[in-house]
Amino acid sequence: MKDVSKEGFECPVAIEFYNKIMGGVDLADQMTIGYKFRKYCMWWKRVVFRLLMSAVVNSWIAYCGLKHRKTPLLDFIVLLSKDLMVSGKLNAQYQRRRGTMRSTKTSRRELNVGDHLPVATKTRQWCRKRAQQKKESHTKLMCTMCNVPLCINCFKPYHS
């Protein structure tokens with residue numbers, strides 16, 4: 001038997017089926033919408049974050065079903081992020097050393113050669129590798145282990 005709307009018309013089967021299962025989609029959207037991302041963020045980042053949040057909500061639903069208890073979503077997100085950070089630290093190729101001087105933002109991102117870390121100095125010096133090649137290049141970076149001035153492009157090749 002078909003559903004009858006307020007106006008007395010019969011409701012099509014597809015719409016009836018859609019209305020029956022729509023609640024789950026709406027609930028998932030309501031849960032993810034509470035964690036908004038910056039509006040000035042690039043559109044593709046918002047899409048990635050939205051997909052990631054949907055995956056987190058789906059895993060939270062599965063987690064609550066397996067544990068047979070209702071855990072708040074925020075608590076699950078905190079638990080998940082802590083576990084991911086611990087997993088990342090265990091699988092890291094290089095461990096961060098404490099007590100050393102901080103390097104520049106660029107060098108931390110691009111250069112990673114074990115204990116040899118580039119550190120910004122106050123004075124500009126000749127790059128050792130470029131000087132050997134008889135090319136002119138001044139740099140403010142110096143290797144913490146070797147005490148050798150090296151420019152950004154020469155740091156990794158010099159230590160290889």
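Modeller: This is a predicted model. Among contacts in the protein chain between residues at least 6 apart in sequence, 31% join residues at least 24 apart.

Biologist: What elements make up the protein chain, and in which order do they run?

Modeller: The protein chain has six helices and two strands. Read from the N terminus, their order is α-α-α-α-β-α-β-α. Of the 160 residues in the chain, 19% are buried. The accessible surface is about 13000 Å², and carbon and sulfur atoms account for 59% of that surface.

Biologist: Why is Leu51 called exposed?

Modeller: Leu51 has a relative accessibility of 58%, and the term exposed applies over 50%. Leu51 therefore counts as exposed. This residue is found in helix α2, which spans residues 43–67.

Biologist: Which residues form the nonpolar patch on the surface that includes Leu51?

Modeller: The patch consists of Met42, Trp43, Trp44, Val47, Val48, Phe49, Leu51 and Leu52. Together they have about 840 Å² of accessible area.

Biologist: How do you know that Cys64 is buried?

Modeller: The relative accessible area of Cys64 is 13%, and buried means under 20%. Cys64 is therefore buried. Leaving aside residues up to four places away in sequence, Cys64 touches Arg69, Lys70 and Thr71.

Biologist: Which residues form the largest nonpolar core?

Modeller: That core has eight residues, namely Met53, Val56, Val57, Trp60, Tyr63, Cys64, Leu73 and Phe76. Two or more residues come from each of α2 and α3, the latter covering 73–90. Helix α2 gives the largest share, six residues. Another core, of seven residues, lies apart from it and includes Cys143, Cys151, Cys154 and Phe155. In soluble globular proteins, nonpolar side chains tend to be buried together.

Biologist: What makes Cys154 a buried residue?

Modeller: Its relative accessible area is 4%, whereas the limit for buried is under 20%. Cys154 is therefore buried.

Biologist: How many disulfides are there by the distance rule, and why is Cys154 counted in none?

Modeller: The count comes to zero disulfides. For Cys154, the nearest cysteine sulfur is that of Cys151, 3.3 Å away. A disulfide requires the two sulfur atoms to be within 2.5 Å, so Cys154 is in no disulfide.

Technical notes:
Residues numbered from 1 in each chain as written. Predicted model: local features only at pLDDT ≥ 70, side-chain atom pairs only at ≥ 80, totals over all residues. Heavy atoms only, no water. Helix = DSSP H or I, 4+ residues; strand = E, 2+ residues; numbered from the N terminus. Buried < 20%, exposed > 50% of the residue type's maximum accessible area, 1.4 Å probe, protein only. Contact = heavy atoms within 4.5 Å. Areas by Shrake-Rupley, 256 points an atom, 1.4 Å probe, with all protein chains shown as cover. Patch = residues over 30% accessible without salt bridge, like charges linked within 9 Å, V, L, I, M, F, W, Y side chains within 5 Å. Salt bridge = Lys/Arg side-chain N within 4 Å of Asp/Glu carboxyl O. Core = buried A, V, L, I, M, F, W, Y, C linked by side-chain atoms within 4.5 Å.
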